[in-house]
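Hi there,

Here is the structure I promised to pass on.

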Amino acid sequence: MDKRSNDLRPNVEFTSASPEVTGSCIHCHIDYPNNTYTNFAVDCGSFQEKEHDKLNYQFNFEPKDLSFLLVTHAHIDHIGRIPFLVKKGFTGPIYCTNDTKLIMDFSLKNAVHIVKSNAGKKGYEPLFVSEDVAKAMLQVHGVHNDSFLKVDDHIRVYFCTNGHLIGSATILVQIFYEDCQPINIIFGGDYNDRNMFFDVPKLPEDIRKLPVTIFTEATYGYMNSDEVEYCFEDNLVQFYKKHPNGIVVIPTFALRTHEIVKTVSSMQRCGLINPFTVYVDGKMSSTFNQMVASGAFESVPHDNINFLPRKFKYLRKEIRANRYTSTSPQIIIASSGTGSYGPIVNYLQNMFNREDVLFHFTGYPVPGTIARRLYDAEDEAYVHIAGLCVQKKATVKFTSQFSAHAKRDQIMNFLMGFENPVFVIVTHGNQNPKAIIAEEALNKLNVPNVGILSDKVRFRVGCNGLIEASSTEYNSTL
Ligand SMILES: [Zn+2]
């Protein structure tokens, strides 16, 4: 391996293969002054945008050269390619919090059939199979939140509590070398300062005082938190005023199920809606919700696990059809949140033609998705739902209030919490929000450099921040 600096201090080079929002995986190459080096990566997620699908089958580094992998959280765009990384030769340890390890295990097992069916449709080989998941999970080491872990003689990491998802962490990596100043790097991991199920403490003061290079995401960099419309509760109340015996069907992402269940349960407990039965449908949604409610996660205090509605049931596939024609008021929470796969497809096909049904999406309906088509369709219009032509009689609403991503003001608060940032690197987001966060960071923080990491740009940093920014094309010819 060539040594790229004559400096007597170590430096780290960051590269990413991700052009946009998904496929989170930051490759880090540390050069030490004694001509040794270490490679590691932070997250290894799937690319979910259709146009980037082929990127799932390649890495911009050699998997067997990685010494270890750090995982910030268990969303599939951060973990979805870990089994493929292992299949391609990565044999090192994978470090994450204990809660992330639990979620990763069932998420990746659940992903096997999705990966298989996606690949089958396109005539590709599946990215991985069950055996690859089992092998990868043997390499995973769970750690407690808010504790240091010595990875090797030069590197230690600290997993700070992050509100984005149960188990998620903002990770501090410190690189030590002889009597040099350490290099401190914060990987934000979709940092969010709040969570419905546990308190998110401020990052420890001694970490916030460090001279630090900070990675931040920018997914919702285009909006402030006060622009989020909190309309879910009101929409349900209004619907039941009009249709006292109506049915509310809530498409949800599996790892968001517990938050919807808790919200509905709270509405029932305080009398906003009647205490009729609440159902959860979907294998992964049910598993995750059961885990939260049974106290399986160490980051969720036991005071917060008593959130289920009084009348509450998990639905099995065999009895799902009974719901389609039911005339009793009830709430059905079913995966997936996009409406494009999972049991929610069956509910849409069979209940979209009922006037007494409200489909309430729990995420923004992105243009081009089925959720958007259903939302935009005129009343009484015919819409295609997974091969069926159905007349729209149901009401369709959506809210972004359950989104776990920090908005612009929260991202800036996170960054401004550091007293001595030496370099801010924006990653994970479309071009526009990344540019907005980069500009605001330059204007509001006392930081010498702000960069946007992408598949086109790489950065080399030392203890005082940026050493060199270069295009990947330029470096690949070296
Ligand atoms: Zn995430």
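Just after helix 3, Gly 123 has a positive phi of about 75 degrees. Helices (H or I, at least four residues) and strands (E, at least two) are DSSP runs, numbered from the N terminus. Before you read on, please note that this is a predicted model: local features need pLDDT of at least 70, side-chain atom pairs count only at pLDDT 80 or more, and totals for chains, interfaces and linings use all residues. Residues are numbered from 1 along each chain as its sequence is written.

Helix 3 itself bends by about 30 degrees at Val 112 (the angle between axes fitted to the seven residues ending there and the seven starting there). Among its buried residues are Asp 99, Leu 102, Ser 107 and Val 115. Buried here means that 20 or more other C-beta atoms, placed from the backbone, lie within 10 Å of the residue's own; 12 or fewer makes a residue exposed, and anything in between partly exposed. The cover over these buried residues includes helix 1 (76–79), strand 5 (94–97) and helix 8 (283–293), where contact means C-beta atoms, placed from the backbone, within 7 Å.

**Domains**

The chain is divided into domain 1 (11–223 + 404–476) and domain 2 (229–398), with bounds from an automatic or database domain assignment. Their contact takes 15 residues from domain 1 and 16 residues from domain 2. On the domain 1 side, helix 3 gives the largest share, six residues. The C-alpha centres of the two domains lie 32 Å apart.

**Cores**

The largest nonpolar core has 86 residues, and Ala 41, Val 157, Ile 171 and Val 424 have the most contacts inside it. Such a core is a set of buried Ala, Val, Leu, Ile, Met, Phe, Trp, Tyr and Cys residues joined through C-beta atoms within 7 Å. Helix 3 gives the most to this core, with six residues, and the core draws at least three residues from each of domain 1 and domain 2. A second, separate core of 39 residues includes Ile 247, Ile 260, Phe 307 and Met 351.

Going back to Val 424, what does it touch? Its partners include Ile 214, Leu 415, Ala 441 and Val 450, leaving aside residues up to four places away in sequence.

**The whole chain**

There are 14 helices and 23 strands in the chain. Buried residues make up 46% of its 478 residues. Of the contacts between residues at least 6 apart in sequence, 73% join residues at least 24 apart.

Best wishes

Terms used. Two residues are in contact if their C-beta atoms, placed from the backbone, lie within 7 Å.
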